[in-house]
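Open the model in your viewer and keep the selection tool at hand. The tour below goes from one selection to the next and says what is found at each.

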Amino acid sequence: MWAIAIRSCLFISMLAAGAVPVIAQHEYTSSEIEAGRQQYAANCTRCHGPDGDNVANADIGHGKFRRASTDEELVQLIRNGVPNTAMAGMNNISEPNAKTIVAYLRSMAATAAAVAALPTGDAARGKAVFESKGGCTNCHRIGDVGSRAGPDLSQIGAQRRSVELHRSLIEPDAEIVPANRLIKIVTRDGATITGRLLNQDSFTVQLLDAKDEKLKSFSKSNLREFAFVDKSTMPSYKDKLSTQELSDLISYLSSLKGQAQ
Ligand code: HEC
Ligand code: HEC
């Protein structure tokens with residue numbers, strides 16, 4: 001019994017000594033990280049999973065790697081694969097693209113660390129932030145309270161992990177779920193309307209106008225412009241809320257698993 005306890009202590013301290021946190025070696029731009037996110041989704045998620053922790057012995061979402069430490073070594077590892085494992089080399093990924101994947105791995109680690117460092121959240125306080133200081137109900141609906149300008153969040157806790165919720169609050173433009181993308185249309189007489197796309201066919205398009213929440217239908221032949229908006233209308237809450245408030249909000253959102261309207 002004691003022997004086992006001592007041995008596992010030793011093991012843990014050895015692990016801790018080996019796991020020196022790797023300091024990011026470059027600053028990456030948000031467009032490099034975004035490009036890497038797409039490359040990761042296309043090439044890595046099926047094995048490593050969205051958080052990088054699906055493969056035994058290879059948790060790649062926390063910035064600590066057993067087989068590589070520098071960014072350059074990671075690029076080589078991606079292109080050469082890991083011998084004698086299921087990970088074959090991916091020479092079809094160019095070196096610049098592999099670099100963007102490394103940028104994304106570094107940003108995943110930073111986000112995971114930021115979420116792990118958040119103070120413990122309180123869902124009841126989060127609900128109060130949602131309804132008052134955060135002004136979230138101006139755009140979002142939960143159950144039958146709030147606005148329809150943004151997505152309904154009644155089930156968001158069943159759909160997104162806390163890391164993703166954190167990202168939505170800090171960097172709303174980073175990853176917009178296709179169904180949530182806003183459409184901007186400009187009619188022939190110059191009126192501009194932005195809203196959520198509800199439906200379209202060859203001749204008409206229906207939107208929910210973000211301004212007055214009314215359903216509007218347009219004949220496509222009357223439109224001068226019809227395009228997705230890349231920027232979210234949602235503001236970043238990075239400097240608007242304290243880390244405690246962010247954590248409370250994430251706890252509240254994670255608890256929402258009810259029926260969407
Ligand atoms: C076919 C499944 C598969 C795919 C696809 C795959 N990997 Fe792997 N990966 C593995 C396996 C298996 C290991 C080795 C685990 C072990 O060491 O036993 C591994 C190991 C790694 C390691 C080393 C981890 C460490 O601690 O040193 C990194 C980094 C890595 N993969 C990144 C990626 C990236 C980035 C992609 C996408 C470009 C990718 N992998 C695609 C299965 C895969
Ligand atoms: C000015 C309108 C506006 C305000 C205010 C706003 N949001 Fe949003 N929010 C949006 C829009 C539009 C989207 C969809 C596009 C996107 O993902 O950025 C969105 C997306 C989200 C998502 C991601 C939804 C998904 O399906 O992944 C979450 C979570 C969220 N908002 C939470 C909040 C919270 C919490 C607040 C208050 C602190 C808030 N929002 C305030 C407009 C708003």
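**Two ligands, stop by stop**

A backbone N or O atom of Arg 66 lies 2.8 Å from an oxygen atom of ligand 1. This is a predicted model, and the tour starts at that contact.

Next, select Arg 67. An N or O atom in the Arg 67 side chain is 2.4 Å from an oxygen atom of ligand 1.

Now show everything around ligand 1. The shell has 23 residues, and the closest are Cys 44, Cys 47, His 48, Arg 67 and Met 87. Colour the shell by residue type: 16 of its residues are nonpolar, 4 are polar and 3 are charged. To see which helices take part, select helix H3 (45-48) and helix H4 (71-80); each of them supplies at least two residues of this shell.

Zoom in on the iron atom of ligand 1. Which protein atoms are its donors? They are NE2 of His 48 and SD of Met 87, at 2.0 to 2.1 Å from the iron. His 48 lies in helix H3, while Met 87 is in the loop between H4 and helix H5 (95-117), so the pair ties together parts 39 residues apart in sequence. For six octahedral donors, the ideal angles are 90 or 180 degrees.

Is His 48 buried or exposed? His 48 is buried, because its relative accessible area of 11% falls under the 20% limit. Met 87 has 22% relative accessibility and counts as partly exposed. His 48 also has a polar contact with the ligand: an N or O atom of its side chain is 2.8 Å from a nitrogen atom of ligand 1.

Centre the view on the iron atom of ligand 2. Its protein donors are His 140, through NE2, and Met 234, through SD, both lying 2.0 to 2.1 Å away. His 140 sits in the loop between helix H6 (123-131) and strand S1 (141-142), and Met 234 in the loop between strand S7 (223-228) and helix H9 (243-254); this pair links parts of the chain 94 residues apart. His 140 counts as buried at 12% relative accessibility, and Met 234 is partly exposed at 24%.

A nitrogen atom of ligand 2 is 2.8 Å from an N or O atom in the His 140 side chain. An oxygen atom of the ligand lies 2.5 Å from an N or O atom in the side chain of Arg 160. A polar backbone atom of Pro 172 is 3.3 Å from an oxygen atom of ligand 2.

For the last stop, select Thr 137, in the loop between H6 and S1. Thr 137 is buried, with a relative accessible area of 19%. Which residues does Thr 137 contact, leaving aside neighbours within four places in sequence? They are Phe 130, Glu 131, Gly 146 and Ser 147.

Technical notes: Residues numbered from 1 in each chain as written. Chains lettered and ligands numbered in written order. Predicted model: local features only at pLDDT ≥ 70, side-chain atom pairs only at ≥ 80, totals over all residues. Heavy atoms only, no water. Near = heavy atom within 4 Å. Polar contact = N/O pair within 3.5 Å; in protein donor to acceptor, adjacent residues only side chain to side chain. Helix = DSSP H or I, 4+ residues; strand = E, 2+ residues; numbered from the N terminus. Nonpolar A, V, L, I, M, F, W, Y, C, P; charged D, E, K, R; others polar. Donors = N, O, S within 2.8 Å, 3.2 Å for Na, K, Ca; no water. Buried < 20%, exposed > 50% of the residue type's maximum accessible area, 1.4 Å probe, protein only. Contact = heavy atoms within 4.5 Å.
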